[in-house]
Amino acid sequence: MTKINTSLHSSRRKSRKAHFQAPSSVRRVIMSAPLSKELRDKHNVRSIPIRKDDEITIVRGTNKGRTGKVTSVYRLKYVIHVERVVREKSNGQSVPLGIHPSKVQITKLKGDKDRDNILERISKGRAEKAERSKA
């Protein structure tokens with residue numbers, strides 16, 4: 001059996017190296033979050049790279065069920081920070097908790113021209129694929 005995608009490596013060592021040394025543009029795609037059922041039905045898109053000012057719900061971990069707005073996308077650490085999801089330090093200072101984007105669900109998108117184009121392009125491709133499979 002031949003490899004489907006020759007740009008990806010099946011070796012654990014090389015896959016980990018590629019992941020942790022990925023440039024910011026690739027990290028953006030890795031840091032994609034699934035959309036809520038309503039948004040998924042509306043846009044015909046399953047997931048999209050997360051960005052600041054998206055409204056999300058945490059679906060895994062100790063903060064499961066909490067909602068809020070994304071305050072920062074920390075690409076270097078592969079985490080996002082959500083407003084009001086903080087931890088108190090021993091000196092009383094509050095520190096934002098890092099949450100991986102795959103463990104959240106986007107409930108409201110911060111829309112702009114570029115993002116609308118991305119959603120349009122993905123849904124158009126999905127519609128064409130559905131038509132081809134019917135024929």
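Modeller: What follows goes through the salt bridges one by one and then turns to the neighbouring topics.

This is a predicted model, in which local features need pLDDT of at least 70 and side-chain atom pairs count only at pLDDT 80 or more, while totals for chains, interfaces and linings use all residues. Residues are numbered from 1 along each chain as its sequence is written, and side-chain values use heavy atoms, with hydrogens and water left out.

A salt bridge here is a side-chain nitrogen of Lys or Arg within 4 Å of a carboxyl oxygen of Asp or Glu. By this rule the count comes to three salt bridges.

One of them is formed by Arg51 and Asp112, whose closest N and O atoms are 3.1 Å apart. This pair links distant parts of the chain, since Arg51 sits in the loop between β2 (47–49) and β3 (55–58), whereas Asp112 sits in the loop between β7 (104–108) and α4, 61 residues apart. The element names follow DSSP runs numbered from the N terminus, with helices being H or I runs of at least four residues and strands being E runs of at least two. For accessibility, buried means under 20% relative accessible area, exposed means over 50%, and partly exposed lies in between (1.4 Å probe, protein chains only). Arg51 counts as partly exposed because its relative accessibility is 27%, and Asp112 is partly exposed as well, with a relative accessible area of 29%.

Another bridge joins Asp54 to Arg115, with the closest N and O atoms 2.7 Å apart. Asp54 lies in the loop between β2 and β3 and Arg115 lies in helix α4, so this pair ties together parts that are 61 residues apart in sequence. Both Asp54 and Arg115 are buried.

The bridge between Arg84 and Glu83 has its closest N and O atoms 3.2 Å apart. Arg84 is found in strand β5 and counts as exposed because its relative accessibility is 56%, whereas Glu83 is partly exposed, with a relative accessible area of 30%. Arg84 also has a positive phi of about 70°, although it is not a glycine. Tyr78, likewise not a glycine, has a positive phi of about 60°. Tyr78 lies in the loop between β4 (67–74) and β5 (79–88), and it counts as buried because its relative accessibility is 6%.

On the surface, Lys37, Arg46, Arg126, Lys129 and Arg132 gather in a patch of positive charge. A charge patch is made of residues with over 30% relative accessible area and no salt bridge, like charges being joined within 9 Å. The largest share of this patch, three residues, comes from helix α4 (residues 113–134). Arg126 has its place in helix α4 and counts as partly exposed because its relative accessibility is 40%.

Conventions
Patch = residues over 30% accessible without salt bridge, like charges linked within 9 Å, V, L, I, M, F, W, Y side chains within 5 Å. Areas by Shrake-Rupley, 256 points an atom, 1.4 Å probe, with all protein chains shown as cover. Lys, Arg positive; Asp, Glu negative; His and termini not counted. Charge placed at Lys NZ, Arg CZ, Asp CG, Glu CD.
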